[in-house]
Every structure is written in C-alpha cells, then in structure tokens.
Amino acid sequence: LALQAATALILVLAANTAFADFPRLSSILSRDGYAPRQLANLGDRLVFSNGIAALACLAALLIVIFGGRTHSLIPLYAVGVFLSFTLSQAGMVRHWQKTREGRWRTKAAVNGVGAVATGLVLLVVIESKFTHGAWIILVLIPLLVTMFRAVNYHYRDMREQVTLGAAGLRERMP
C-alpha cells in the first residue's frame, strides 16, 4: 500500500510538472517563432490555456493509442524524463561556460557529472526498453525538431513577404 501511494504521489507530481511547465515552454517556443503563435497567449486565468489544452489532447491521444495500459507508457515516460534531465544538465554546463560567474568551474563540473550520469541512464533505458516502445521517442524527437523548424521557416517567410509588400507600397506612394 505504501509503495502504491508513493507511486501515485510521484505520478501526480509528474503530471503537475508537465501541466505547469509544458505550456510555459511552448509559449517560449512560440515567442521565438518555433511553435504556433496561439501557444503564447495568456488565458483568462493568466495561464497559457492553449498549451494546457494541447497537452491534454496529446495525453488523451497517448492513452487512446496505448489503450490506457500504463505498463506500455512507462518506457516513453522514462526516456522523456532522462532525456530532459540530460539536456538540462548539459545546458547548465554551457550556461556556466558562457557566464563564468563565481565558482563556475565547480558548478559546470557538477552539472557535467549530472549530464553524464543521466545520459548513461538514458542509454540504458533506451537499450532495455527499445522494443517496449522507447523507439517511439527516438522517432518523435527528429519529427518534432523538423516541425519546429518548418514553423520557424513559415514565420520568417511570412515576415519577409509582409516586409517586401510594405516596401512596395511605400515605393508607390507619392
């Protein structure tokens, strides 16, 4: 019973984290032009409602695809968690190298050890759970990056067309 309660608490915390941070992350991607602009809009309750709705739809889709079998979803979750931990730690190493703030070498070393440790766990999880569905993440990540780049290209192309159109109007005006 205690193990089940602890597991339930961890899953509730994980779900809360996803619903708190995914909308914020998607709004940042949106502001930078890598996700649809609607994800940057604040709703009535000063939260990124469109990001919350998008995450809820994606979560529901995963539940439907996997028939609600949590055993089948665990490999996806594990790969996602350790990939995000690894990228976060590696990003902090880069941050300390760029800012060189007080004791940055020690901080970079700690984050470097964290990146290596979580990276190794990620590789073990991918290898051991590959046939159990972990391969899906390895397919989805490049697809998502391609999608983000396509959205960014579209926004840059639209910006250039609008700029060129406005320049043409100015030339025609007396």
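**Close-up views of a predicted model**

View 1. F130, W135, L138, V139, L140, I141, L143, L144, V145 and M147 together make a nonpolar surface patch of about 860 Å². Patch residues have over 30% relative accessible area and no salt bridge; nonpolar side chains (Val, Leu, Ile, Met, Phe, Trp, Tyr) are joined within 5 Å, and like charges within 9 Å. Areas come from the Shrake-Rupley method with a 1.4 Å probe, and for residues only the protein chains shown count as cover. One of the patch residues, V145, sits in helix α5 and is partly exposed at 43% relative accessibility. Buried means under 20% relative accessible area, exposed over 50%, and partly exposed in between.

This is a predicted model, in which local features need pLDDT of at least 70 and side-chain atom pairs count only at 80 or more, while totals for chains, interfaces and linings use all residues. Residues are numbered from 1 along each chain as its sequence is written, and side-chain values use heavy atoms, leaving out hydrogens and water.

**View 2. Here is the largest nonpolar core.** Its 11 residues are F66, L73, L76, A78, V79, L122, V125, I126, A134, I136 and I137. Such a core joins buried Ala, Val, Leu, Ile, Met, Phe, Trp, Tyr and Cys residues through side-chain atoms within 4.5 Å. Two or more residues come from each of α3 (70-99), α4 (104-129) and α5 (135-172), and α3 gives the most, with 4. Setting aside residues up to four places away in sequence, I137 touches L76, V79 and P142, where contact means heavy atoms within 4.5 Å.

**View 3. Follow helix α3 from end to end.** Helices are DSSP runs (H or I, at least four residues), numbered from the N terminus. With 30 residues, α3 reaches 42 Å from its first C-alpha to its last, close to the 44 Å expected at 1.5 Å a residue; the expected span is 1.5 Å times one less than the number of residues. Its buried residues include S72, P75, T86 and W96. After α3 comes R100, with a positive phi near 50°.

**View 4. D21 and R24 form a salt bridge.** Their closest N and O atoms are 3.0 Å apart. A salt bridge is a side-chain nitrogen of Lys or Arg within 4 Å of a carboxyl oxygen of Asp or Glu, and the whole structure has 1. D21 and R24 are separated by about one helical turn because they are 3 residues apart in helix α1 (residues 2-31).

Terms used
Buried means under 20% relative accessible area, exposed over 50%, partly exposed in between (1.4 Å probe, protein chains only).
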